[in-house]
Amino acid sequence: MKIGYPCVNETLPCSAAGTFRLASYSAERLVPTVAANLACLQQILEWNVAHGLLFFRMGSGIVPFGSHEINTFPWQAHFKTEFRAIGDYVRQHDLRISFHPDQFVVLNSPDPAIVQRSIAELVYQGSMLDLMELDSTAKLQIHAGGAYGDKGAALARWVDTFHTMLPEAVKARLVVENDDRLYSLRECLSLHDETGVPILFDNFHHECLNHGEPMRLALRLAAATWHPTRDGVLMMDYSSQAPGERRGKHTATLVPELFQAFLIDLDGLETDMMLEIKDKEASAVRALQLARQAGLVPAAPAGYTPPVFAPRAAPAPPKPRASKAKA
């Protein structure tokens, strides 16, 4: 098992998603921004390796406007050496890497322009994995998309887009995640049946939207969609409900009792787990400690001292709204 967190390391004083306004785009701004983003990405990966976190979801903004038509700079060639060096580091330390394109990537939209922009974004993010020379176990994670008043037709459009419009390099990396409002594990499995796309399992989304499948069974249904060499072991997202918040809101920090109960549900199933929890690496380190106690990952190296994180401050209560004066 590999455990990780997405995009941002809150301990380090750098960002791998530095950007600027579209109106300010120029090659002169792009080059130093990408260089700084890649340097920070390397720092994040080194921090993760030092603390045993071997799964990382890279942020979409490494190359500002990477899929936008305004970006005509040959950044792939310019930063080829830097991307390859990061890929070498990933392979050297047996890291698992992924991307999760933003919510505007919708393959089943009835608007052809949205579909084309979505494909361009997938090509952009997949090209970074290609530049790192990572194999097809490094994935591009998306959702099934919108329902548009007819989920059957929307799923059919997804399948058609996959077969007729996606480049083979994108198909090889694409995985689809069950969500908490529209497309359950069962409906994502129907996409797998039509396309072979693996299902990235989200335990929290399954708790919010399911068809009665127990967690143990759901995990195994998703895992069965992953080819052991072409796709690698099951990738999954882990989180739990934020107390007192709307249904589906992620917790601010790891709840140890819930995580330990979930580890029991794995019951020997191999998976790489991304913690979608607000305090990022802090919860990932705690989850790794619990997984070590459960014997699911190797013990920490001799002399290793886990980092100490300050307790996460409770969110401030909402301010009362001022009442409108009566006419």
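Q: Does tryptophan 158 count as buried or exposed?
A: Buried means under 20% relative accessible area, exposed means over 50%, and partly exposed lies in between, with a 1.4 Å probe and protein chains only. Tryptophan 158 has 0% relative accessibility, so it counts as buried. This is a predicted model, in which local features need pLDDT of at least 70 and side-chain atom pairs count only at pLDDT 80 or more, while totals for chains, interfaces and linings use all residues. Residues are numbered from 1 along each chain as its sequence is written, and side-chain values use heavy atoms, leaving out hydrogens and water.

Q: How many aromatic pairs are there?
A: Rings of Phe, Tyr and Trp (its six-membered ring) pair if their centres lie within 6.5 Å; planes under 30 degrees apart count as stacked, over 60 as edge-to-face and the rest as tilted. The count by this rule is 9 aromatic pairs. One of them joins phenylalanine 20 to tyrosine 25: their centres are 6.3 Å apart and their planes stand at 40 degrees, a tilted pair. Both phenylalanine 20 and tyrosine 25 are buried. Tryptophan 158 and phenylalanine 162 make a stacked pair, with 5.9 Å from centre to centre and 10 degrees between the planes.

Q: Where do tryptophan 158 and phenylalanine 162 lie?
A: Helices (H or I, at least four residues) and strands (E, at least two) are DSSP runs, numbered from the N terminus. Both residues belong to helix α5 (residues 151-165), where they are 4 residues apart, about one turn of the helix. Phenylalanine 162 has a relative accessible area of 6% and is therefore buried.

Q: Which residues form one aromatic cluster?
A: Phe20, Tyr25 and Phe65 do.

Q: What lies over the face of tyrosine 183?
A: A charge sits over a ring if NZ of Lys or CZ of Arg is within 6 Å of the ring centre and within 35 degrees of the ring normal. Here lysine 151 lies over the face of tyrosine 183, 5.2 Å from the ring centre.

Q: What span does helix α3 reach from its first C-alpha to its last?
A: The expected span of a helix is 1.5 Å times one less than its number of residues. Helix α3 (residues 80-92) has 13 residues and reaches 18 Å, close to the 18 Å expected at 1.5 Å a residue.

Q: Which are the buried residues of α3?
A: They are Phe83, Ile86, Gly87, Tyr89 and Val90. These residues cover an arc of only 160 degrees around the axis (taken from the directions from the helix axis to the C-beta atoms), so they are on the same side of α3. The face turned away from that buried side carries the exposed residues Thr81 and Gln92.

Q: What do the buried residues of α3 pack against?
A: Contact means heavy atoms within 4.5 Å. The buried residues of α3 pack against α1 (27-50), α2 (75-78), β3 (96-99) and α4 (112-131).

Q: Which strand holds serine 98, and which residues is it in contact with?
A: Serine 98 lies in strand β3. Its relative accessible area is 1%, so it is buried. Leaving aside neighbours within four places in sequence, serine 98 is in contact with Phe55, Phe56, Arg57, Met58, Lys139, Met235 and Met274.

Q: Where does isoleucine 142 lie, and which residues does it touch?
A: Isoleucine 142 is in strand β4 (residues 139-143). It is buried because its relative accessible area is 2%.
A: Most residues other than glycine have a negative phi, and most peptide bonds are trans. Cysteine 7 is not a glycine, yet its phi is positive, about 70 degrees. Cysteine 7 is found in the loop between β1 (2-6) and α1. At 28% relative accessibility, cysteine 7 counts as partly exposed.

Q: Where is the place of lysine 280?
A: Lysine 280 is in the loop between β8 (271-275) and α11 (281-293). It has a positive phi of about 50 degrees although it is not a glycine. Lysine 280 is buried, with a relative accessible area of 17%.

Q: How many helices and strands does the protein have?
A: The protein has 11 helices and 8 strands. Buried residues make up 50% of its 327 residues.
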